[in-house]
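Please open the structure in your viewer and keep the selection panel at hand. The tour goes from one selection to the next and says what is found at each stop.

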Amino acid sequence: MPFSAQLEEKFAKLLSRYPVRRSALIPMLLYAQDEHGHLSPEIVAEIARRLELSVLDVESTISYYSMLRQKPAGKHHLQICTNISCLLRGGQELFEHAKKKLGIGAGETMPDGLFSLEETECIGACAWAPALLANYDFYHDVTPERFDRLVAELRNGRCVPDRPPMPGSEHEVRVLSKRFNLPDSASIDTYLAHDGYRALGKALKEMTPDAIIEEVKSSNLRGRGGAGFPAGMKWGFVPKQSLKPKYIVCNADESEPGTCKDRLLMQNDPHQLIEGIVIAGVAVGAHQGYIYVRGEYRYLQEILERAIEEAYARGYLGKNILGTGFDFDLAPHTGAGAYECGEESALLESLEGKRGIPRIRPPFPAVVGLYGGPTVLNNVETFCSVPSIILQGGEWYARLGTPRNGGTRLFVLSGHVNRPGVYELPMGFPLRKMIEEVGGGILGGKKFKAVIPGGSSTPVLTSEALDTPMDFDSVAKAGSMLGSGAVIVMHEETCMVRAALRIIRFYAHESCGWCIPCREGTSWLNKTLTRFHSGGGRQEDIRLIHDLAKNMFGRTFCPLGDAAAMPIMSIVEKFRDEFEMHLSGKPCPFEAQPAELSV
Amino acid sequence: MPEPVKITVDDRDLEVVPGTLLIEACRAAGIEVPAFCYYPGLSLQAACRMCLVEIEKAPKLQTACTVQVSPGMVVRTHTPQVAEARRSMLEFLLANHPLDCPVCDKGGECELQDMVFRYGAAESRFVEEKRHVEEQQWSPVVYFDAPRCILCYRCVRVCDEGMGVSALSVVNRGARSEIAPNHGDHLECEECGMCIDICPVGALTSGAYRYQTRPWEMQYVSTVCAHCGDGCKTTLSVRNNKIVRGNNRDHSGINGEFLCIKGRYAYDFIEHSERLRHPLLRKNGRLVEATWDEAIRTVASRWQQVLENRSASNPRQPFGVIGSNHTSNEENYLLQKFARAVLGTNHVDHHRTADFPALVASLRAAPRTAVNGKGTLPLARSQDLQHASAILLIGDNPTDQHPLLAWNIRQACRLNGARLYVIHSRQIPLLRQSFRFLPVAEGREADAVRYLCGEPQTEERLLGTTPGGREVTPEVLRDFRDCLSAEKDVIVVFGAEMTGAAVGLLVQAGSRLQGQTRYIALADYSNSRGASDMGLLPHLLPGYLPVEDAGARARFEQRWNSTISPTPGWPLEQMLAAAREGRLESLYVVGANPLQGQEPAEFSGKTFLVVQDLFLHETAQAADVVLPAASAYEKTGTVTNTCGELQKLRKAGDVIGTRTDLEILLCLARALGVPFGPARPEEVLEEVRQIVPGYGVSLIQVLSGGAEAVIPDEAAAFPPLEANGRIYSAQDNLFTSGTLGRYSRVLGLVPERKTRLLPPPA
């Protein structure tokens, strides 16, 4: 079947980006879907033919990604996030309101085909919750009233999507975000006027690759994606000699619930990211990079495309960069809705056009990664930290934080605080101060109950842990993890059973299904917690819930199993009394009318 | 050999080859490590998490299926932590698994059942609603029950990696993940059933076997598949004298786990409604039922007359005998003995589908250097292909005509990085595995071999654009030859495209290669090779000894106490022509249908035609006497596959009214009043072992379900290189099997039969 000229152009561009045709599959599917509304059998067959794949292979891939659909949706496809951060700010109520307002249920389309509705998992707007996506447009702080206005505006075709702000705080130390408030901050001219690409020049002209790696090592920069692995050490694992090409891959698949910081880095200062990636290329001898951007961040993909074009035009990408003979190509790549693809080896599979199933490790990506070549994979924020480290020195950067935890990081404060937002704070910033002073205290003057310190996969902490300095080691000592730096605050009226349920529901939705304990464990827990929360709990369920999580923990194929198990175990352990309170056979004691939950 | 690695497992010290997976090291030492997804020879998954073990210094349990042994590794497989992990995995698995074991085909031989019995989780704490999906039929032979599936991905991998078909994949994700077939709601594939066989649970079940019986109610008879020339071992499951299933239950024998659709399902011809169960006699122009006594007497008295009227002045030749590609070695041997010693004729032949005589002749004539170390003919066994570093394939379409050898070739390419060189006129499926491909026009295969032999003048005949649009340039030719020349210990596999002098050229080309070049000639049917070896040939005695050679004749004359004519007989086509023209008194056809596709009436009355076979095919319809024969599944004996591997047939069932070809032969001899024998298959084999070159092999392997290679080595006599008669392949595909295949219900049922065509021109 024929595709439009624009689509043909996009396909041609895609095919030129990758050494392996199949890599173009997922973007091709998504772009074709954008144009046609859904992936009809004809489109699937055509794309399969073009990429020399079987239809089954393509369908297997499609069915893995939640953004790809084989049935039509409305002209405006509304996805309302009810994940933990949005839930705490009324996301569930918004979704219930939307159903009533539009007169359709989840997954349904209005008869006139104008709107379709979907309850979605975290879309990366946690600090501006509740939020929704209308096709690729973000709308923040959506109250029921705003929703009604929005629907009217969308009908009339007059609607400007929201761009998240940085509220600012006097406690901030702005390294990564120093250019955020400049006018036209994403343009290369602004970047160049404010130290832009100076670090790359220094790295190329004044430093050896080993010296770059040493500098990053000395900065104590630890991975900002969640695991906190020392970045310099990771780069050091890449073999100097390799028969296969080496790659730099930037993980911009930000999807850990509670996390929406990479969004700001790409939105406000894309060149900082590009520079960091190219420096990594210089350090390990790679000449090709990809930025894997989650599919929902389409506007960021466009910002990155523009920035990359600018960088090519000014000679910071492409052949013979800064006249040094160093070549580096960079391309953005879109995901299509899968949390699992944030796991580095699953991301590589996805980038190769396959289902996002993690790989067996070892070998680690640094040795055998993308297309079998040695690959450096880091989070957006990690790469963004590199130019400053190169310019101002590793030691300077290290000193900004605490021992073994260098620098600053973007913390995302969400949930029940008065001033949710993204704040750049030094590593080791005290948690209590973060909630009380940076976040302006608990919402509505209520009492603090619990905090998830590093995204929804990290164990919950209670008031005893409030004096923990927010760095990797201190949070670990307190019994949790700093993770992606997403701090989700919950006040006294929060039902912790409900929180556990919402968290497990997410992991059940996102489990790739590859290994038994995660596939079966998350779905079992989801069913049991749903029953439990709605008043059907039995005494033995409390132990069962904990057991199931424990039986997943440490035994799954990839870290997603642990990510699902840890918060559940910690909530059962720390809030057993709330589970007991649910045993009366009555509905949840915290919620007047708990919303109907689908399993 | 690298230094072994020393590891400790459960306080036992083990020495293991470096690079071994821990699970293999444990299993080799008899230490049980359970696993669903791990499957030797297939890619690693680490998905089922059943093989978690404790490794000292590792922070958490490790999957033994992905960890390679390292020096000093200390492993524990039976700690409380490991036991708990196994138990909890089973609990997870059983959560959504339907407990319909009492009606599940897999009950009694289910790996999940066994594991739960062994490792616990018998009581479920799961009280939620189970996920349910309706059972699906994917093909006449493949059913899928999604809730039973544990997602070990064995089926997906065996179809993709093993078969190269990729008809299965996973769709959806998380708890909704499911195995799916390649055409929405159904499969279009080779219907090999490997996915069913490899399924550890009852998720994939066989349409042929389902709901028939329980595994413990059957007897298992391992025998050799009755169809193609690869000779796979198939284990027939028999209940109440009825074969209800075919598989290779213990994965032993030359084919290990492999079976194609024919070996797995096409035993069903034996109970076809048209199966002959009574002798038939032509009376008043019509074939009518008769007793065995009557039929045997009729044949004997007519033959007696022919024998008595035999004289040099009679323009009609007395007898012609056409043997079978399917009957046992013992029967083939006795049949040609009967023809030569009793009927006094060399007019013996069969449908020849590979030029074994030419291969033997060329190899016997070739210099004896670097041959096997033993000085025997360099013929490769089927499993040698799996270990080959380079394979040259000329002609044939192994994927369809030799599924086991194709499997072995794929394994070699996938697991050992073997390089496959193909010279072919068609785009055969194995091109996917090929390292170099030289497309040739149909019938030009020998020119390509001439080119390899260094005859540059043949180059021109190979150049140009092929029908498939491939450009053959001098560079393509040179590259093919140069790459092949760099190889060592090549196995050359060739089909019926290469006969006579072309085979001689091929051996010449092979002897130019480095190391030891070995050969496999591809013949169509289960005992094609045995028919050749046993001398069902007009010009050759058993073991490829020329009838014209006095020494060769003497060898058999002595043993048979008879004389053999020194004149080569007529090949099959000549016998048929003579019979049609009334120049032959009697034609005796055993287990063959030479009139396939012809009008039987044209034959009637011209010659006294005796046919013994399973069905009333064209030849039988033209016969004067039809004798109902037992099939290979209803007799004991031996067969020799196309690679020369001798294997044992075991009797799995009886069809009332039939007799084995050997019994029939003995009855006829007795009725003729001629002393003839030996009478029992074991005794015949003993005679064969004593007198037929190559067959004096040890029987230990053969009797215990394995195979022994027979190498027809006899330096004394050289058979002629050029064939006396026609050699051609029937070009059967995966879903046909000569005349026999017409009577298999399953082969007729699968829809792919209609769409399976010859591959397009290269």
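Predicted model: local features only at pLDDT ≥ 70, side-chain atom pairs only at ≥ 80, totals over all residues.

Residues are numbered from 1 along each chain as its sequence is written, and chains are lettered from A, with ligands numbered from 1, in the order in which they are written.

**Chain B as a whole**

Select chain B, whose C-alpha trace spans about 95 × 65 × 50 Å along its principal axes. Its radius of gyration is 28 Å, which agrees with the value near 27 Å that a compact globule of 762 residues would have; the radius is taken over C-alpha atoms, and the globule rule is 2.2 Å times the number of residues to the power 0.38. Chain B holds 26 helices and 32 strands, where helices (H or I, at least four residues) and strands (E, at least two) are DSSP runs numbered from the N terminus.

Of the 762 residues in chain B, 54% are buried; a residue counts as buried if 20 or more other C-beta atoms, placed from the backbone, lie within 10 Å of its own, as exposed if 12 or fewer do, and as partly exposed in between. Among the contacts in chain B with a separation of 6 or more, 68% are made by residues 24 or more positions apart, a contact being two residues whose C-beta atoms, placed from the backbone, lie within 7 Å.

Now colour chain B by domain: the assignment gives domain 1 (5-78), domain 2 (281-354 + 527-633 + 654-680) and domain 3 (356-522), with bounds that come from an automatic or database domain assignment. The centres of domain 1 and domain 3 of chain B, taken over C-alpha atoms, are separated by 40 Å.

**A helix and a sheet in chain B**

Select residues 572-580 of chain B, which form helix α19, and look for its buried residues, among them Leu572(B), Met575(B) and Ala579(B). The buried residues of α19(B) pack against three strands of chain B, namely β16 (317-322), β17 (348-349) and β27 (584-590). Just after α19(B) comes Gly582(B), where phi is positive at about 75°.

Next, show the open sheet of three strands in chain B, which has the order β30-β31-β32 and antiparallel pairing. Two strands pair if DSSP finds at least two bridges between them. At the edges stand β30 (637-640) and β32 (708-709) of chain B, each with a single partner strand, so one side of each is left without a neighbour in the sheet. Strand β31 (residues 645-649) of chain B pairs with β32(B) over two bridges, and Leu646(B) has Glu708(B) in β32(B) as its bridge partner.

**Backbone details in both chains**

Most residues other than glycine have a negative phi, and most peptide bonds are trans. In chain B, zoom to the cis peptide bond that joins Gly677(B) and Pro678(B), with omega about 0°; Pro678(B) lies in the loop between α21 (661-672) and α22 (681-691) of chain B. In chain A, the peptide bond from Pro362(A) to Pro363(A) is also cis, with omega near 5°, and Pro363(A) is placed in the loop between α15 (344-351) and β9 (375-379) of chain A.

Two asparagines come next: which of them is buried and which is exposed? Asn220(A), with phi near 55°, is in the loop between α10 (209-218) and α11 (231-236) of chain A, and is buried, with 26 other C-beta atoms within 10 Å. Asn241(B), with a positive phi of about 60°, is in the loop between β12 (233-239) and β13 (242-247) of chain B, and is exposed, with 11 other C-beta atoms within 10 Å.

**Where the chains touch**

Finally, show both chains together: 30 residues of chain A are in contact with 31 residues of chain B. On the side of chain A that touches chain B, the elements that give two or more residues are α4 (55-62), α20 (496-510), α21 (516-536) and α22 (539-552) of chain A, and the largest share, 10 residues, comes from α21(A).
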